Amino acid sequence: MASEPPAFVRLAAHPLRWSLLTALAGGDLRVRELVERVGEPQNLVSYHLRLLRGGGLVTAARSSFDGRDSYYHLDLDRCAGALAETGATLHPTLRPAPRPEVPPPGPVAVLFLCTGNSARSPIAEALLRRRAAGGVTVTSAGSHPKAALHPGAVRALEEFGIDVRGQRPRHLDTVAGQRFDHVITVCDKVREVCPEFPHHPRRRHWSIPEPGSFSETAAELDTRVRHLLPELVPGKEVRP
């Protein structure tokens with residue numbers, strides 16, 4: 001008797017669900033944005049999102065800009081583990097092998113944005129700078145910057161061995177004319193006011209709520225940074 005395919009295969013093999021996973025791999029999106037991406041009715045998209053949430057591949061959280069709206073997020077760690085298990089189920093030699101590191105054609109510039117530039121965006125900036133080890137230029141800014149970094153953000157980064165005590169929040173206007181390859185908004189409010197940048201950088205959104213636990217926020221951002229890094233530096237291995 002044929003065995004049941006692994007749960008990941010059953011979930012991801014459906015064409016619409018695969019399209020939703022592919023769209024969410026680039027960043028967090030709202031239902032109406034997913035409807036536009038996949039070209040299917042909202043009730044059908046919502047049905048398949050419920051299945052993906054039930055399978056643990058996708059999560060949802062209320063927007064901090066508009067509480068009537070929700071952002072959907074793809075759990076890339078869960079997907080990576082499910083893919084590895086799926087390959088091993090078929091044959092033990094089919095576990096993914098690390099790809100060789102390939103240096104990028106030139107320096108990649110990344111900008112992280114949040115409202116106050118006192119917690120989420122400077123945490124993301126510091127974590128990417130640490131993991132890229134010089135392979136990426138990275139900065140952060142805010143639409144309404146605070147006077148200083150939040151002490152909780154400073155302490156959370158100290159847990160990663162990063163000292164940002166000398167850093168100060170900067171205004172979005174101070175970087176508006178610079179060239180960036182990637183612009184990443186890490187709070188829902190700043191996404192709504194994010195300006196256009198010259199040279200058409202790739203835009204993506206990470207829907208990160210205001211920190212309750214700064215350590216948990218830093219851990220969430222570090223997970224996202226780990227999965228971003230191979231896109232910035234092809235072949236870079238995603239390591240915990």
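I'll take the aromatic pairs, then the cysteines. Keep in mind that this is a predicted model.

Searching the whole structure gives 2 aromatic pairs. In one of them, the ring centres of Phe112 and Trp206 are 5.7 Å apart with the planes at 50°, so this pair counts as tilted. Where do the two residues sit? Phe112 is in strand E3, residues 108–114, while Trp206 is in the loop between strand E6 (202–205) and helix H9 (214–232), so the pair ties together parts 94 residues apart in sequence. Both Phe112 and Trp206 are buried.

Then there are Phe180 and Phe197. Their ring centres are 6.0 Å apart and the planes meet at 85°, which makes the pair edge-to-face. Phe180 lies in the loop between helix H7 (151–158) and strand E5 (182–185), and Phe197 in the loop between helix H8 (188–193) and E6; the parts tied together here are 17 residues apart in sequence. Buried or exposed, for Phe180? Phe180 is buried, at 4% relative accessible area. Phe197 is buried too, with 5% relative accessibility.

Now the cysteines. At 1% relative accessibility, Cys187 is buried. Cys79 also counts as buried, because its relative accessibility is 9% and the cut-off is under 20%.

That's what I have; I'll take questions.

Methods:
Residues are numbered from 1 along each chain as its sequence is written. This is a predicted model: local features need pLDDT of at least 70, side-chain atom pairs count only at pLDDT 80 or more; totals for chains, interfaces and linings use all residues. Side-chain values use heavy atoms; hydrogens and water are left out. Rings of Phe, Tyr and Trp (its six-membered ring) pair if their centres lie within 6.5 Å; planes under 30 degrees apart count as stacked, over 60 as edge-to-face and the rest as tilted. Helices (H or I, at least four residues) and strands (E, at least two) are DSSP runs, numbered from the N terminus. Buried means under 20% relative accessible area, exposed over 50%, partly exposed in between (1.4 Å probe, protein chains only).
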